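The exercises below ask the reader to work from a predicted model to a picture of its fold, one step at a time. Each task is followed by a worked solution.

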Amino acid sequence: MVITTAAVPDHVRGALTRWMIEPKAGCYVGTLSARVREELWEVVSASLGEGSAVCVHPADNEQRFLVRTAGPQRREVVDYEGLQLIQMSPEEAGGPHWVEESLKPLNRGATESDRVITNGRSGA
């Protein structure tokens with residue numbers, strides 16, 4: 001399990017270091033039971049203040065992991081047919097929902113090289 005944090009209060013960092021190691025500032029790594037993981041994430045997500053956190057942990061799905069976020073994020077986790085993908089904010093991407101647009105099926109008769117993503121870049 002990995003949790004990354006930004007601008008969180010000191011008591012949140014302290015709670016995380018009781019269960020996990022911090023190899024780099026704001027990055028916590030550990031092996032926890034599902035129960036401890038859920039309780040720790042509840043505490044962290046409820047105590048962020050102005051900060052933010054991202055949690056990645058093993059899961060029984062196609063990707064074999066699950067991404068959770070709490071607090072304000074520049075990127076958003078989007079479910080696309082059971083896969084978790086990351087969608088950048090409209091300001092970063094150059095327009096709203098460019099990931100969703102880029103995942104729409106190709107027009108009939110179009111080839112992969114004809115595909116144009118709505119943020120202005122061509123190609124897939």
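H2 lies across E1, E4 and E5, running at about 170° to E4. Helices (H or I, at least four residues) and strands (E, at least two) are DSSP runs, numbered from the N terminus; axes are lines fitted to C-alpha atoms, for helices over the stretch in contact, and angles run from 0 to 180 degrees between N-to-C directions. The model is a predicted one, in which local features need pLDDT of at least 70 and side-chain atom pairs count only at pLDDT 80 or more, while totals for chains, interfaces and linings use all residues. Residues are numbered from 1 along each chain as its sequence is written, and side-chain values use heavy atoms, with hydrogens and water left out.

**Exercise 1. Determine the order of the strands in the open sheet, and place the helices against it.**

Step 1. The protein chain holds 4 helices and 7 strands, and along the sequence these follow the pattern β-α-β-β-α-β-β-β-β-α-α.

Step 2. An open sheet is formed by 5 strands in the order E2-E3-E1-E4-E5, with antiparallel pairing, where two strands pair if DSSP finds at least two bridges between them.

Step 3. Strand E2 (21-24) and strand E5 (65-70) each have a single partner strand and stand at the edges, so one side of each has no neighbour in the sheet.

Step 4. On average, and with direction ignored, neighbouring strands of this sheet are turned by 20° against each other.

Step 5. The antiparallel pair E4 and E5 is joined by 6 bridges, and within E5 it is Thr69 that stands opposite Val54.

Step 6. H1 packs on the sheet and touches E1, E2 and strand E3 (27-29), its direction making about 25° with that of E3; H2, by contrast, lies across E1, E4 and E5.

**Exercise 2. Identify the residues with the most contacts inside the largest nonpolar core, and the elements that supply it.**

Step 1. A nonpolar core is a set of buried Ala, Val, Leu, Ile, Met, Phe, Trp, Tyr and Cys residues joined through side-chain atoms within 4.5 Å, where buried means under 20% relative accessible area, exposed over 50% and partly exposed in between (1.4 Å probe, protein chains only).

Step 2. The largest such core has 15 residues, and those with the most contacts inside it are Ile3, Leu16, Met20, Trp41 and Val44.

Step 3. At least two residues of this core come from each of helix H1 (10-19), helix H2 (34-46) and strand E4 (52-58), and H2 gives the largest share, 3 residues.

Step 4. When residues up to four places away in sequence are not counted, Ile3 touches Leu16, Met20, Gly26, Cys27, Tyr28, Trp41, Val54 and Cys55, a contact being heavy atoms within 4.5 Å.

Step 5. Over the protein chain, buried residues make up 28% of the 124 residues.

**Exercise 3. Decide whether Arg37 is buried or exposed, and list what it touches.**

Step 1. Arg37 lies in helix H2.

Step 2. Its relative accessible area is 13%, and therefore Arg37 is buried.

Step 3. Residues up to four places away in sequence aside, Arg37 touches Met1, Leu32, His57 and Pro58.

**Exercise 4. Examine the positive phi values of Arg64 and Glu81, and state where each residue lies.**

Step 1. As background, most residues other than glycine have a negative phi.

Step 2. Arg64, which is not a glycine, has a positive phi of about 70°; this residue lies in the loop between E4 and E5 and counts as exposed because its relative accessibility is 54%.

Step 3. E6 and strand E7 (residues 83-88) pair in the antiparallel sense over 6 bridges, and Val78 has Leu85 in E7 as its bridge partner.

Step 4. These two strands, E6 and E7, form a hairpin with 2 residues between them, and Glu81 in the turn has a positive phi of about 50°; at 72% relative accessibility, Glu81 counts as exposed.

**Exercise 5. Locate Ala7 and find its contacts.**

Step 1. Ala7 is found in the loop between strand E1 (2-6) and H1, and its relative accessibility of 67% makes it count as exposed.

Step 2. Leaving aside neighbours within four places in sequence, Ala7 is in contact with Leu48, Glu50 and Gly51.

Step 3. A C-alpha separation of 8.7 Å is found between Ala7 and Gly26, which are 19 residues apart along the chain.
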